[in-house]
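Please consult the sequence and the structure shown below while reading.

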Amino acid sequence: VQERSSKLQQANFGFRGNLGIRDFAYDTYFSYGRTEFTSLTTNDVSRSRLEAGVNGCPPEYVRFVPTCAPVNAFGAGNISPAAADFVRLNFSDLATFERHLISAAINGSLFSIRAGDVGFALGVEWREDFSEFTPDQNKKSGEILGFNAAQPVSGQFDVKEIFGEAIVPLARDLSLELGARLSDYSTVG
């Protein structure tokens, strides 16, 4: 049986206003987000306990694990409740994702032409993403029957961007929209 849950935290803080030049306005903000994904699996099987139980609970094993119960794995209904409890294994994995973001932009009308105002927007943005997977210790060691061992993994990158946009009215209900964005990723350029 698998249950999944997530916890999300998000905070945004910023300012908006007019620059006092024509209709130019600014918009700046900082954003932080963190999400935690937990995956709980119940009623799986311990690889080492199943091996010990199928082998009749060898004395050298029972010395360290006195709750060992022999497992008869052949035939339907032959595993006793004590053996099922002995081999049962629950485990939980955690994955997290974090993002920091800073953005600033200005926009407004540059000038007017016959069809209307020529508008623009210019801005910069910086983002940093971080992700991490932390497997349960039993999964990390390869103890869970049916799963390969999984190691923790994490990584992060950041990106710096600059963008510009313009809208040029050509006629009533018809306009030309232009946009460009230059991105510099820490991982690929």
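## Salt bridges

A salt bridge is counted here when a side-chain nitrogen of Lys or Arg lies within 4 Å of a carboxyl oxygen of Asp or Glu. By that criterion, the whole structure contains nine salt bridges. The model is a predicted one, in which local features require pLDDT of at least 70, side-chain atom pairs count only at pLDDT 80 or more, and totals for chains, interfaces and linings use all residues. Residues are numbered from 1 along each chain as its sequence is written, and side-chain values use heavy atoms, with hydrogens and water left out.

Helices (H or I, at least four residues) and strands (E, at least two) are DSSP runs numbered from the N terminus. One of the salt bridges joins Asp129 to Arg99, with the closest N and O atoms 2.7 Å apart. Because Asp129 belongs to strand β4 (residues 116-134) and Arg99 to strand β3, this pair ties together parts that are 30 residues apart in sequence. Asp129 is buried at 6% relative accessibility, whereas Arg99 is partly exposed at 33%.

## A salt-bridge network

Which residue forms a salt bridge with Glu161? The partner is Arg181, and the closest N and O atoms are 2.9 Å apart. Glu161 lies in strand β5 and Arg181 in strand β6, so the pair connects parts that are 20 residues apart in sequence. Glu161 is buried, with a relative accessible area of 8%, while Arg181 is partly exposed at 46%. Through shared partners, salt bridges unite Glu125, Arg127, Glu161 and Arg181 in one network.

A further salt bridge brings together the side chains of Arg88 and Asp85, at 2.5 Å from N to O. Arg88 is partly exposed, its relative accessibility being 34%.

## The disulfide

A disulfide is taken to be a pair of cysteine sulfur atoms within 2.5 Å. The structure holds one disulfide. It is formed by Cys57 and Cys68, whose sulfur atoms are 2.1 Å apart. The torsion about the S-S bond of Cys57 and Cys68 is about -85°, and the disulfide is therefore left-handed. The pair links distant parts of the chain, eleven residues apart: Cys57 is in the loop between α1 and α2, and Cys68 is in the loop between α2 and α3 (81-87).

Are these cysteines buried or exposed? Cys57 is buried at 11% relative accessible area, and Cys68 is buried at 13%.

## The nonpolar core

A nonpolar core is a set of buried Ala, Val, Leu, Ile, Met, Phe, Trp, Tyr and Cys residues joined through side-chain atoms within 4.5 Å. The largest such core has nine residues: Ala52, Cys57, Val65, Cys68, Ala69, Val71, Ala83, Phe86 and Val87. Helix α3 supplies the largest share of this core, three residues.

Contact means heavy atoms within 4.5 Å. Apart from neighbours within four places in sequence, Ala69 is in contact with Gly53, Cys57, Ala82, Ala83 and Phe86.

## Positive phi values

Most residues other than glycine have a negative phi. Cys57, however, has a phi near 60°, a positive value in a residue other than glycine. Its place is in the loop between α1 (47-54) and α2 (59-62).

Asp173 likewise has a positive phi, near 60°. This residue sits in the loop between β5 (153-171) and β6 (174-185). Asp173 is exposed, with 78% relative accessibility.

Patches are made of residues with over 30% relative accessible area and no salt bridge, like charges being joined within 9 Å and nonpolar side chains (Val, Leu, Ile, Met, Phe, Trp, Tyr) within 5 Å. Accessible areas come from the Shrake-Rupley method with a 1.4 Å probe; for residues, only the protein chains shown count as cover. Phe13, Phe15, Phe30 and Ile102 make a nonpolar surface patch of about 420 Å². Ile102 belongs to strand β3 (residues 88-113) and is partly exposed at 44% relative accessible area.

Tyr32 is located in strand β2 (residues 25-45) and is partly exposed at 21%. Not counting residues up to four places away in sequence, Tyr32 touches Gln9, Gln10, Ala11, Glu98, Arg99 and His100. The C-alpha atoms of Tyr32 and Ser186 are separated by 19 Å, the two residues being 154 residues apart along the chain.

Conventions:
Buried < 20%, exposed > 50% of the residue type's maximum accessible area, 1.4 Å probe, protein only.
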